[in-house]
Amino acid sequence: MVTVNNGNFDIEQICQSGQCFRMVKCGDKYSLVAFGRYLELSQSGDDISIECTQEEFDTIWKSYFDMGTDYGNIIKGIDAQDNYLTQAADFGKGIRILRQDLWEMIISFIISQQNNIKRIRKCINFICEKYGEKRVSAGGAEYYDFPTPKALAGASVDDLYACNLGYRSRYIHETALSVYRGDIDLEALPNMDYAAARSELLKLCGVGAKVADCICLFALHKTEAFPIDTHINKVLAAQYPSGFPFEKYSNYSGILQQYIFYYDLNKK
DNA sequence: CATCAGGCGAGAC
DNA sequence: GTCTCGCCTGAT
């Protein structure tokens with residue numbers, strides 16, 4: 001077991017921020033499946049307990065949870081005159097931008113469109129159980145890996161409809177085929193800059209501006225990506241009628257987007 | 001019963 | 001290029 005102390009790490013907030021659809025709360029613990037691995041973790045105050053070896057933490061989870069970034073420092077960079085953003089960041093100061101699997105994020109965010117988080121999770125669990133490989137963790141927990149491009153490319157549109165994916169079934173079918181055939185080279189994307197990666201992603205069926213930005217942010221860690229959805233649009237209109245000050249936060253506006261999104265959805 | 005949820009593609013213009 | 005419209009499904 002690895003323990004970490006960090007004032008800007010809140011598992012519940014990360015779980016609720018809606019970037020990771022395979023993290024669930026079970027009792028006083030949280031579990032997640034990522035990169036074919038199963039992980040359990042828990043938290044007490046600023047102390048986080050991660051149930052893995054130091055080596056696994058160093059090679060996988062340290063990067064996954066973006067432990068090399070000081071989020072407190074990012075929050076300090078917020079314009080003190082901006083009351084809304086200051087409150088939003090304070091409210092969600094435990095959120096982190098995870099470094100998740102690219103292929104999984106592509107499919108997950110195609111599913112997310114015009115959809116709610118509860119149903120998104122249900123849909124993803126469905127395709128994992130139907131097309132993903134069943135595995136057992138060292139601790140004996142059974143879980144399903146996220147399906148490979150090959151596995152999803154083998155599913156027909158009708159098969160996908162049966163997973164409750166609705167009209168997105170065609171998008172997923174087309175995108176899985178594109179990736180499986182190699183029409184788009186996923187391995188090349190992490191080496192591209194934001195604009196180039198975004199433009200490649202837009203070639204995929206079912207990936208528009210908003211979904212491409214989510215993939216850039218949550219898989220490629222392009223923190224300048226600022227996904228604009230219905231909630232963010234509403235906040236921008238109400239709080240920033242003359243425009244959001246992107247120029248002040250050019251390299252990390254995507255992190256601020258998460259604070260705004262989480263605040264808008266969860267504040268009382 | 002209508003509306004909406006972390007939009008997008010297709011077609012019209 | 002910009003605009004509109006239809007779309008699976010479940011919750012409210």
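In what order do the five strands of the open sheet run, and is their pairing parallel or antiparallel? The order is β1-β5-β4-β3-β2, and the pairing is antiparallel. The legends below treat a predicted model, in which local features need pLDDT of at least 70, side-chain atom pairs count only at pLDDT 80 or more, and totals for chains, interfaces and linings use all residues. Residues are numbered from 1 along each chain as its sequence is written, while chains are lettered from A and ligands numbered from 1 in the order in which they are written.

View 1. Strands are DSSP runs of E with at least two residues; helices are runs of H or I with at least four; both are numbered from the N terminus. Two strands pair if DSSP finds at least two bridges between them. β1 (2-5) and β2 (23-26) are the edge strands, each pairing on one side only. From one strand to the next, the twist averages 25 degrees.

View 2. β2 runs antiparallel to β3 (residues 29-34), joined by four bridges. Lysine 25 has tyrosine 30 of β3 as its bridge partner. Valine 24 stands opposite serine 31 in β3. Two residues lie between β2 and β3 in their hairpin, and glycine 27 in the turn has a positive phi of about 70 degrees. β3 is also joined to β4 (residues 37-44), by five bridges, again in antiparallel fashion. Here tyrosine 30 has leucine 41 of β4 as its bridge partner. The β3-β4 hairpin has two residues between the strands, and phenylalanine 35 takes a positive phi near 50 degrees.

**View 3. Helix α5 against helix α6.** α5 (residues 102-112) packs on α6 (residues 117-131) at an angle of about 135 degrees, with the axes 9 Å apart. That makes α5 oblique to α6. Axes are lines fitted to C-alpha atoms, for helices over the stretch in contact, and angles run from 0 to 180 degrees between N-to-C directions. Angles under 35 degrees count as roughly parallel, over 145 as roughly antiparallel, 65 to 115 as roughly perpendicular and the rest as oblique. α5 contributes Ser108, Ile111 and Ser112 to the contact, and α6 contributes Ile120, Cys123 and Ile124. Residues are in contact if their C-beta atoms, placed from the backbone, lie within 7 Å. By class, four residues of the α5-α6 contact are nonpolar, two are polar and none is charged. Ala, Val, Leu, Ile, Met, Phe, Trp, Tyr, Cys and Pro count as nonpolar, Asp, Glu, Lys and Arg as charged, and the others, Gly among them, as polar.

**View 4. Helix α10 against helix α11.** α10 (residues 194-201) and α11 pack at about 130 degrees, with their axes 9 Å apart. The two helices are therefore oblique to each other. α10 passes α11 in a right-handed crossing. Tyr194, Ala197, Arg198 and Leu201 of α10 meet Ala212, Asp213, Ile215 and Cys216 of α11. Six of the contact residues are nonpolar, none is polar and two are charged.

**View 5. Helix α12 against helix α13.** α12 and α13 (residues 253-266) pack at an angle of about 95 degrees, their axes 10 Å apart. That makes α12 roughly perpendicular to α13. On α12, His231, Ile232 and Val235 take part; on α13, Gln257, Ile260, Phe261, Asp264 and Leu265. Five nonpolar, two polar and one charged residues make up the α12-α13 contact.

**View 6. The surface near DNA strand B.** A residue is near a strand or molecule if its C-beta atom, placed from the backbone, lies within 6 Å of it. α11 (209-218) and α12 (230-239) each supply at least two residues of this surface. The largest share, four residues, comes from α11. By class, eight are nonpolar, 12 polar and two charged.

**View 7. The surface near DNA strand C.** Gln114, Arg119, Tyr161, Asn164, Gly166 and Tyr167 surround DNA strand C. Two are nonpolar, three polar and one charged.

Terms used: Contact = placed C-beta atoms within 7 Å. Left-handed = near helix turned anticlockwise from the far one by under 90°.
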